[in-house]
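Dear colleague,

Here is the structure I promised to pass on to you, with its sequence. My notes on what was found follow below it, and I would be glad if you read them with the model open.

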Amino acid sequence: MREKIRASRSFGRRRFITLGASGLAALSLPRAVRAQAARSGELVAGLSERMLTLDPANHYSISATSVHRHVFDPLVDVTNDSKFVPALAESWRAVNNLTWRFNLRRNVSFHDGTPFNADSAVFTIRRVRDNTKLIKSFVYQDIESVEKDGDYAVVVTSKRPFGSLPAHLSMLGMLPASAGRNEDAFFQKPVGTGPFRFTSWTHGDNIVLAANPSYWKPGIPKVEKVTFRFVPELSTRAAALRAGEIHVIDRVTPDLVETLKGSRGVKVFDVPAVEAQRWIFQLAKEPVKDQRLRQAISLAIDRNVIIKDLLLGYGRPVDSPVPPGLVGHTTLPLKPYDPEKARQILKQAGYANVTLDFVLMKDLYPKQLEITQAVAAMLGEVGIKVNIKNLEIATAREMRSAGTYDMFFSGWAHMPHDPDWYFGQWFTRAGSEKLTRYNNPRVEQLIAEGRVPDPKVRQAKYEELERILWDEEPEIWPYYSVAIYGVSDRLRNFEPRGDYYVLLSDVGIA
Amino acid sequence: MRAYVLRRLAQSALTLLGVSLLVFVVLRVLPGDPAKMLLPDGAPQSAVDELNRQLGLHEPLPVQYAIFIRSVVRGDFGQSFQYRAPALRVVTERIAATAELALAALVLTVAVGVSLGILAAVRRGTRYDYASTVLAVLGQSLPNFWLGIMLILLFGVALRWLPTSGFEGWRHVVLPAVTLAAFPTALVARLTRSSMLEILGRDFVRTGRAKGLAERAVVLRHALRNAAVPVLTVLGLQIGTLLGGAVITESVFAWPGMGKLVVDAIYFRDFPVVQTVLIFSATVFVVINLLVDLLYTVIDPRIRYS
Amino acid sequence: MSARPAARATARPRPGRLSPPALVGGLLLALVVLASLFAPLLVSSDPVKPSFSRRLAPPWGLGGSVAHPVGTDNLGRDILARMLHGGRISLALAAISVVIAGAVGIVVGLVAGSGGERVDAFFMRLADVQLALPVIMLAIAIVAVVGTSPAALVGVLALSGWVLYARTVRANVLTIRRLEYVEAAYTLGASDLRIIVRHILPNTLAPILVIGSSQFATMVLLESGLSFLGMGIQAPRPSWGLMLAEGRDYLSNAWWLATAPGIMISLVVLGANLLGDGLRDLLDPGLG
C-alpha cells in the first residue's frame, strides 16, 4: 500500500508531534501491509555541528555524514560495530590486490523515479576523483579506472592496493548520473535513493526531510518527516530536549548525564566511540624529540583518574592506537602510571627544568581544557612545567604545521572506519611532514604492506606496526571516548552509535 | 545643509571602500588558511595547496582585491568557502532573522531604557531611583550567555511558557530579544537618567517651572529633547552591537542571525562571507550614524552643520 | 537657590559632598579591590591546583561545606579563591583598558568637536571604519602579531572602547561651543585651549564619568568574551572571564561556577556606577 506524500514545503514552521490516525488504524492490518503503512510522526534531532553542504563528496564532517545518509545511500553501509554490510552494493570482493568488484542492487530508484544502476556508481566515483575542488577528492586519487560491467556491476582498479576502499565508499552517497549536467542546480534540490527526500535547508540552521514512500528496504522509514536542527550550545540543546522540542541530541558531556536522567521524558544512552583521543608530540623539536622525555611524560599521566574523575567513567583505557572494532585493533599492555619512575628518568636524562607548550584547538572537544589542566598539574608533580595555549582552530593549525608546539591535543575519530588513513597521514614521512615529522622506515613499509584488501594480512601488519608505536610513544593515547546521547523516551528503536552518526531511518516515535 | 549631506554621503562611500580594503587585507594576513579549515585534519599538503589555488588565494593581494572589487560592482560577492554557495545568498538568508531580533531588542531598549531613566531622574533619591539603578547594574553586568541560558531554563524547561530556541514564530524572539536588550537597556537607562538630571537642574528649566508650566510639560518638552543627544549617540553605536555583536545571544538561542554567521566565518576563514557581512553591516552602520547626526540638528537646534 | 514647589518629593544631594549611595558604591568597590589585592591572605586554598575528588561541590548552605563557601569548580578548585585571585587580573586589566580608552577617546572627541569640519570628518569616519571590524577579528589579528598576552588583551579592550568616549565628548563639544557664553569667550579672544579647559571640559566631565563607570563593566565583560577566544589570560590562571567561560557548560547542573564571577562583576559594576553618579553630582555645574 503506497501513501501519497503531500507535496508540502516546509515554511520553517514546526508542526507539533501528532499521533497519526493511520498508525492506529494500521495496527489492525495484516503484518506485511502494516509494516509499510505504519509510518507516522515527525522526528527532530539536535546536532552540535553545523552541516555545510549537501554534496556527499564535499565534506569530512560527522554531522553532514549523518544527514546525508538519510537522503543518499552509499554502496556500503557500516554497522555500529564497524562491520561493513551491503547497501546499494549487494556484494563486493577484491578480485586482486588492485581491483575491487561491486555487484549492485536492482530495483532501486532515485527520488525522481530514475533507476539506480552502474552508470550512477561510475559517475559518482569518477566525479570525486576528477573534481579536485571536492574535499574528498584527494582520498580517491589512487583510483586508476572505474568501469561498469553490465548495468549492475562496477569494477574499480587502483594504482596501489586500496584495501580501505569499501570503508571510504561507506561515506560516499550515490548520485544520479544526471547530476553532472548542472551540479549547482542539482544540489539546490538534491535527489538520492535514500529513505528520505530533501525538502528544505536553511544554511547553518536546519534541514527538513520527508519520507520516501518507495524506499527499497521494507518498513523504512518509520516516520513522515525528519528535521535536523543545528544547535551549537550544549545547554540549549539539552534544554530543548528536556522541553520536548527535540527528540535526540548528540555530544552530551558526562556532567550533564545526571541532569538529563532526572528529567521527565528523557533517557540517556552511551556507547563506546570509535575514537581514540590523541596528544601528539612535535618530534622534530627539542626536548620532546627525546623518546625518554616522552616516556616520562607518559608515565606521569594518570589516565585512570582522567577517566574516572573527569570523564565520570565515560571513557575506556587504551590498549592499542586503533580502537576496538576496526581492523588492526589489538591488545597491548596498558600504559602504567608511575610518577616515581618518571622522575627517575628525567633525572637520569638530565631534564631538570623543562617547560612545554601544550596547544589546544578551541572548543573542539568538550572538557578538553579541563583535561589539559589536569595533565598540566600531573606533569607539574614530576617537575615539568606546562604552558597551555587554547587557540582558535585556524591559528592552532598553523602552529601545528609550523611545528612550534611541544604537545598538541588532536584526537582522531575514525571516519571512515578504517585505520589506513590514520596511519598514512601521521606515520609516513610524506604524510607527517607538516604535522609531527614522524619518520620510521619500517613503520612506513608496514603501512604500505597493510593497504592490501586481505583483512588477515592487514591485521598482521598493523599489529606489528602498533607494537613499534607503543614503544616509541610518538603520541599519547589517554583514553577511548564514549559517545553520549540524550533521547526522548517517545523514540522507538534508536541505536546510539559509536561513530557519532545520528541515524533515524528505522526510528519510530510514539 | 544640503551640501553637508552630500559631503557626508561622499565620505560614506569612501568609508565603505576603506572598510572593504581593511577587511580584505586583515583577513588575508590572519594566520591559518581556508583550505586547511575545509579539508580534514589528515589531508596532505598537496591537497591543501590545490584547494587554495582553486579558491583563488595564490594570486598576489592587489590582484585579488581588484578581482573582488570588480565582482562586487557586478553584484557578485564570491562563493562562500564553507557552503560553496553564493556568499550574498548565504548572507541574505540571515537578514530576516537578524532584523527581527535587532528590532525587537531596539524597541525594548528604547521603551524600557528611556522610561526607567526618566523615572529615576524625576523621582531621584527615592526607592524608584535605587531600584532602577540596581536593574541597570544587573542588565549591564550579567553575562548575556548566563542570562540567556537561565531564561531558557526558567521559561523554556521549567515553566514551558516559551520555546527554548530556534527561529520560527513570534514567541521565539521573546527570550533572545530580552537577553540581547539587557545591556543596551541598562546603558540607555543610566544615560537618560544622568542627562535628564543635568537638564532638570538648568536655568531654563527652572524658569519654565517658575512660570507655572505643568511639571510633566517641563519634563517632556524641554528636558527630554536635550537629554536625547547622548542617548542617541549610544543608540547609534548599539545598532552595531545589535547587528554584529549578537553572536553570543544567537549561539545560545540557535538564532540564525548574521552575528554568528560572521564569527563562524572568521573562524573558518570563509573570506567571501566575512567580506559580505562586514560590508553590509558597515553600510547599515554608516547610514544609521548619518541619520543620527542629522537627528541631532532636529533635536537640538544649537547644533548646526555648515 | 531659587524657591522650589513644595510638592517636590525628591531629595537632592548637597553640593560639595558625595551622596550616601555614592559612598556605598565607593565602599563596595574598595572592598572588592582590597579583597582581590589581599587574596593570598584571605583564602588559603590554591586557586590553580586541581583536586579531582572535590569536583563541583556546591556552595555552603546548598549542600556544601564551609571549607569551600562558594563551592568548587570543574577541577575541584575553590571558587572563592579563584574569584579573589582572578579579581586582581580582571580588575587590573579593566582599569588599565578604561584609562587608555578614555584618554584616547577624550582627546579624539575634543579635537574632533572643536577642530573644524575636516578634522571632525576624518576622526568620525576613522571610527566608523574601525567599528565595522568585529572585535573578534581585531582580537585574532592582534594576537597573531603580539601573541597571547595581557598586553594584547588590553590593546583589544582599549580599541573597542575609545569610540564611545570620542563620540559623546564630540557631541557635547558641538553643543557647548554654540552656547552664548562660550561664543562670547571666543570673541573676547580666548584661545582654543583655554576654551576647552575652562568651558568645555568641565561640561563633558559628567557624561564621561557615567560612561567611564559603564565602560569598566564593559571591559570586564569584554574580557570574558575574549577569554572564549583564548586570548590573553590562559588557563589555569584564573580570571573572571575565564571562570565565566569555564562555567558556561555547567549552567544546568552546577550553576555556581558561572554565577560567582557574575556576582563579582555585578558588585563591581554597581559600585562603579554609584560612585560615578556621585562624582557627577559632585562636579555638576548645574547645581552651583
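Strand 1 (residues 42-47) of chain A runs parallel to strand 10 (residues 225-230) of chain A, and 6 bridges join the two; strands here, like helices, are DSSP runs numbered from the N terminus, with at least two residues (E) for a strand and at least four (H or I) for a helix, and two strands pair if DSSP finds at least two bridges between them. Please keep in mind that this is a predicted model, in which local features need pLDDT of at least 70 and side-chain atom pairs count only at pLDDT 80 or more, while totals for chains, interfaces and linings use all residues. Residues are numbered from 1 along each chain as its sequence is written, and chains are lettered from A and ligands numbered from 1 in the order in which they are written.

Within the pairing with strand 10 of chain A, Leu47(A) has Phe230(A) as its bridge partner. Strand 1 of chain A is also joined, again in parallel, to strand 11 (residues 248-249) of chain A by 2 bridges, where Gly46(A) is partnered with Ile249(A). In a regular strand the side chains alternate between the two faces of the sheet. In strand 1 of chain A both faces are covered, with Glu42(A), Val44(A) and Gly46(A) buried on one side and Leu43(A), Ala45(A) and Leu47(A) buried on the other; a residue is called buried if 20 or more other C-beta atoms, placed from the backbone, lie within 10 Å of its own.

Chain A also holds an open sheet of 5 strands in the order 16-15-17-13-19, with mixed pairing. Strand 16 (384-391) and strand 19 (475-476) of chain A are at its edges and have a single partner strand each, so one side of each is left without a neighbour in the sheet. Strand 13 (residues 279-281) and strand 17 (residues 407-409) of chain A pair in the antiparallel sense over 3 bridges, and there Ile280(A) stands opposite Phe408(A). Helix 12 (residues 368-381) of chain A packs on this sheet, touching strand 15 (354-361), strand 16 and strand 17 of chain A, where contact is taken as C-beta atoms, placed from the backbone, within 7 Å.

Turning to chain B, there are 14 helices and 0 strands, and buried residues make up 54% of its 306 residues. The axes of helix 6 (residues 95-122) and helix 7 (residues 127-141) of chain B come within 8 Å and cross at roughly 145 degrees; axes are lines fitted to C-alpha atoms, for helices over the stretch in contact, and angles run from 0 to 180 degrees between N-to-C directions. Among the residues that meet there are Leu116(B) and Leu119(B) in helix 6 of chain B and Tyr128(B) and Leu135(B) in helix 7 of chain B.

In chain C, the axes of helix 3 (residues 79-114) and helix 6 come within 5 Å and cross at roughly 35 degrees.

Finally, the contact between chain C and chain B takes 48 residues from chain C and 53 residues from chain B. On the side of chain C that touches chain B, the largest share, 9 residues, comes from helix 10 of chain C, and the residues of that side divide into 29 nonpolar, 11 polar and 8 charged; Ala, Val, Leu, Ile, Met, Phe, Trp, Tyr, Cys and Pro count as nonpolar, Asp, Glu, Lys and Arg as charged, and the others, Gly among them, as polar.

With best wishes

Note on methods: Two residues are in contact if their C-beta atoms, placed from the backbone, lie within 7 Å. A residue is buried if 20 or more other C-beta atoms lie within 10 Å of its own, exposed if 12 or fewer, and partly exposed in between; C-beta atoms are placed from the backbone.
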